[in-house]
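Dear colleague,

I am passing on the structure we spoke about, and my notes on what was found in it follow below. Please read them with the model open beside you.

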Amino acid sequence: HIFPAEARNVTEDFVRAGTRLGLAELIRGGVTTYCDMYYFEDAIAEETAKAGVRGVLGQSVIDFPAPDYKTPQEALRYARTFIQKWKGHPLIIPALAPHAPYTLATEHLKYTRALSDELDVPVVIHVSETKEEVSRILEQYGARPVNYLNDLGFFGSKTIAAHVVHVSGEEISLLHRAGTGVAHNPQSNMKLASGVAPVPEMLAKGIAVG
């Protein structure tokens, strides 16, 4: 339901307004740095820089028509331009953001990983957010999302895995060995009834959790 609704309703003006509201909330809450993955990321970067907030900002790449780009190839071309524009900015760290293992083909996941290495930028991805995602990837590729991505060489010290709700102790160890950080999203996880991420276990393993 969400992706078609976004395709119909999300515009650059919509994104700018939402970004300004989000930044106001962050500043009011004393937050100085945030990580984002969305559409029209250039507009988000502009608003973030104007507000004086730091951001690791990832241009979304997805395998079906999105509000800003209709194909993953278009999104990847734009992502390269976005990164080249913002790299070296004092507040903005541009990133690649392949949406999730269930919304991108294996070849596109590999390509985004290679591109992030080439451009030396972080890569942000949703991982093991829901039970359905875990079941789907297990059925499709014969491995759970963390293992599947690890087999592709996806994880590293510049990878940020978002959500990471449904993971085993073995998968937590794997993320730790790869030096991958985790973006914890308790509000989103509660809103969608996705579950509760094992944050104490991740912290005990020495994973950087934000």
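In these notes Ala, Val, Leu, Ile, Met, Phe, Trp, Tyr, Cys and Pro count as nonpolar, Asp, Glu, Lys and Arg as charged, and the others, Gly among them, as polar. This is a predicted model, in which local features need pLDDT of at least 70 and side-chain atom pairs count only at pLDDT 80 or more, while totals for chains, interfaces and linings use all residues. Residues are numbered from 1 along each chain as its sequence is written, and side-chain values use heavy atoms, with hydrogens and water left out.

**The cavity**

A search of the whole structure finds 1 cavity of 30 Å³ or more, a cavity being a set of points on a 1 Å grid over the protein atoms alone where a 1.4 Å probe fits but cannot get out, with lining residues having an atom within 4 Å of a point. The largest cavity holds about 40 Å³ of space, where a volume is the space filled by probe spheres set on the points, which are joined across faces, edges and corners. Its lining includes Tyr-39, Phe-64, Asp-68, Lys-70 and Pro-72, and the elements that give two or more residues to this lining are β2 and α4; helices (H or I, at least four residues) and strands (E, at least two) are DSSP runs, numbered from the N terminus. By class, the lining of the largest cavity has 8 nonpolar, 2 polar and 2 charged residues.

**Helix α3**

In helix α3 (residues 41-51) the buried residues are Glu-41, Asp-42, Ala-43, Ile-44, Ala-45, Glu-47 and Thr-48, where buried means under 20% relative accessible area, exposed over 50% and partly exposed in between, with a 1.4 Å probe and protein chains only. Among the elements that cover these residues are α2 (12-28), β1 (33-38) and β3 (92-98). Just after α3, Gly-52 takes a positive phi of about 75°.

**Leu-175**

Leu-175 sits in helix α8 (residues 169-178) and is buried, with a relative accessible area of 0%. Leaving aside residues up to four places away in sequence, Leu-175 touches Val-146, Phe-155, Val-164, Thr-180 and Ile-207, contact meaning heavy atoms within 4.5 Å. The C-alpha atoms of Leu-175 and Asn-147, which are 28 residues apart along the chain, are separated by 9.6 Å.

**The whole protein**

The protein has 10 helices and 6 strands, and 49% of its 210 residues count as buried. Along its principal axes the C-alpha trace spans about 40 × 35 × 35 Å.

With best wishes

Technical notes
1 Å grid on protein atoms, 1.4 Å probe; cavity = no way out; pocket = protein on both sides within 12 Å on 5 of 7 lines; lining within 4 Å.
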